[in-house]
Amino acid sequence: MEPSFEFNWEATINSIPHLLPGIPYTLLISFGGLAIGFFIGIFFGLLRISPLRWLRWPAIVYVEVFRGTPILVQVLFIFYGLPQLLGSPINALVAGIAAIAVNSGAYISEIVRGGVQSIERGQREASLSLGLSRTQAFRYVIWPQAFRRMIPPLGNQGIISIKDTSLFSVIGVGELVRQGQVYIASTFTAMEVYLMVAIMYLAITWSLSIILRQLENKGLVGQ
Amino acid sequence: MNDNAQQIVRMQQLNKHFGSLHVLKNIDMHITPGEVVVVIGASGSGKSTLIRCINGLEEFQSGSLEVDGNELLPNGKSGQALQTIRTEVGMVFQQFNLFPHLSVIDNVTLAPMKVRGWNRSDALEAAKRLLDRVGIADQADKYPSQLSGGQQQRVALARALAMEPRLMLFDEPTSALDPEMIGEVLDAMRELAKEGMTMVIVTHEMGFAREVADRVVFIHQGEITEEGPPEQLFDKPRHERTQSFLARVLKH
């Protein structure tokens with residue numbers, strides 16, 4: 001059989017209006033999940049560096065569990081598993097946001113821990129020697145510096161989580177990949193449409209990269 | 001010769017261990033307000049550890065320590081007393097430890113505002129006066145990384161003085177500086193000593209020690225081997241260890 005494939009640019013362009021409705025879902029799941037994941041990350045990241053062992057170990061367990069299992073399994077567990085426990089179905093969008101939140105939360109915990117631990121001991125000593133309490137030293141001296149150092153790895157995690165949302169087509173959320181699959185089912189132009197899907201992901205992640213680079217440059221003063 | 005009640009630091013039989021290492025051994029040290037005490041000794045002798053005990057950056061394991069009437073307890077069990085001591089005792093570090101994310105002026109105003117509760121305009125006014133005193137008023141809006149080492153250390157001095165401390169600790173304040181910047185920092189400290197500030201200084205600058213110290217303390221392997229007025233300790237050291245230490249550091 002002769003290979004008779006010819007790339008159809010028109011199909012790529014035509015797919016745009018069919019894919020666009022997926023973008024708000026992709027953005028909502030990733031940024032909603034990341035926002036929650038950020039707070040989860042700060043919470044467990046700070047527990048992880050507590051001097052008290054019984055505060056540290058829940059953080060260790062959390063990170064190991066959610067970093068050590070695939071996000072696809074996590075979302076399937078939430079979407080299909082949890083309803084058995086709750087007795088009522090979970091909205092697919094909610095399940096997607098929750099999966100990004102618990103998954104990115106585990107990675108962000110480690111980012112927070114690394115950021116805080118990277119601040120020289122002298123900063124804390126200088127703060128305490130001035131009479132600041134440990135909480136004040138953290139709030140006014142350690143955290144602002146740690147946060148600046150956390151921006152690049154946080155950006156990295158943001159980009160990873162945005163791409164992870166593509167897996168949630170399996171639970172039927174109408175995000176980008178799902179919209180593409182639905183459209184392809186009627187046109188059979190898989191290559192053309194998935195190319196456009198990829199371009200749209202790239203547009204989102206690239207925009208984020210640019211914003212982050214500007215944030216980083218701003219934060220460089222005084223470092 | 002000194003009335004015990006008026007001493008700002010009363011350290012008796014202080015012992016500190018790092019694991020199996022006995023870092024400070026039965027240290028007795030009393031400091032009278034207005035006194036300038038210089039602590040000398042080889043590196044690793046415990047001199048930095050000693051002054052870091054005074055504001056609780058290091059814990060000690062036994063003995064008693066009272067700073068400005070507040071008692072520090074062994075093994076870090078001091079609680080509120082430690083907080084009070086730290087607001088009354090300033091410290092200048094070898095590595096400056098300025099806050100890199102804050103401008104020079106914000107470095108100086110942070111503690112007075114957050115700890116003393118001063119409003120911003122009062123804190124700013126005091127900070128400007130102090131920066132002027134250490135000769136860097138024109139750098140107030142810069143960030144620490146934009147200053148030379150000597151300038152940074154003078155900012156660190158102003159930052160500590162902004163809390164209006166009753167006692168100042170200096171932990172090798174010129175050891176991290178390029179030689180040409182040592183003078184400007186020592187000048188600022190000399191000025192402070194002249195004004196009557198109580199100071200405990202760990203330093204390797206023997207000329208400076210001789211000039212400003214009321215008393216020099218020599219530490220060897222965690223013990224006070226010898227102490228006395230600078231003329232006596234530098235010119236007629238009684239102990240063989242003091243003699244050999246001075247012979248080594250004064251040679252060049």
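## A helical turn in chain B

Being three residues apart in helix α6 (residues 179–194) of chain B, B:R190 and B:D187 sit about one helical turn from each other. They form a salt bridge, with the closest N and O atoms 2.5 Å apart. B:D187 is partly exposed, at a relative accessible area of 43%. Keep in mind that this is a predicted model.

Chain B has another salt bridge to look at, between B:D68 and B:R166, where the closest N and O atoms are 2.8 Å apart. B:D68 lies in the loop between β4 (62–67) and β5 (70–72), and B:R166 in the loop between α5 (149–161) and β7 (167–171), so the pair ties together parts 98 residues apart in sequence. B:D68 is partly exposed at 26% relative accessible area, and B:R166 is partly exposed at 41%.

## Where A meets B

The contact draws on 23 residues from chain B and 21 residues from chain A. Together the chains bury about 1,900 Å², 61% of it on carbon and sulfur atoms.

There's one salt bridge between the two chains: A:E125 pairs with B:R52, the closest N and O atoms being 2.7 Å apart. Both partners are buried, A:E125 with 11% relative accessible area and B:R52 with 8%. The pair also belongs to a salt-bridge network that links A:R121, A:E125, B:K16, B:R52 and B:E58. Over all chains, the whole structure has 20 salt bridges.

An unreviewed UniProt entry annotates residues 23–212 of chain A as "domain: ABC transmembrane type-1". That stretch is 83% helix and 0% strand, with its end C-alpha atoms 20 Å apart.

On the surface, A:L52, A:W54, A:W57, A:I60, A:V61 and A:V65 form a nonpolar patch with about 600 Å² of accessible area together. One of them, A:I60, sits in helix α3 (residues 53–67) and is partly exposed at 34% relative accessibility.

Technical notes: Residues numbered from 1 in each chain as written. Chains lettered and ligands numbered in written order. Predicted model: local features only at pLDDT ≥ 70, side-chain atom pairs only at ≥ 80, totals over all residues. Heavy atoms only, no water. Patch = residues over 30% accessible without salt bridge, like charges linked within 9 Å, V, L, I, M, F, W, Y side chains within 5 Å. Areas by Shrake-Rupley, 256 points an atom, 1.4 Å probe, with all protein chains shown as cover. Salt bridge = Lys/Arg side-chain N within 4 Å of Asp/Glu carboxyl O. Helix = DSSP H or I, 4+ residues; strand = E, 2+ residues; numbered from the N terminus. Buried < 20%, exposed > 50% of the residue type's maximum accessible area, 1.4 Å probe, protein only. UniProt positions renumbered as here; feature names shortened; annotations may be inferred. Contact = heavy atoms within 4.5 Å. Buried area = accessible area lost by both parts, 1.4 Å probe.
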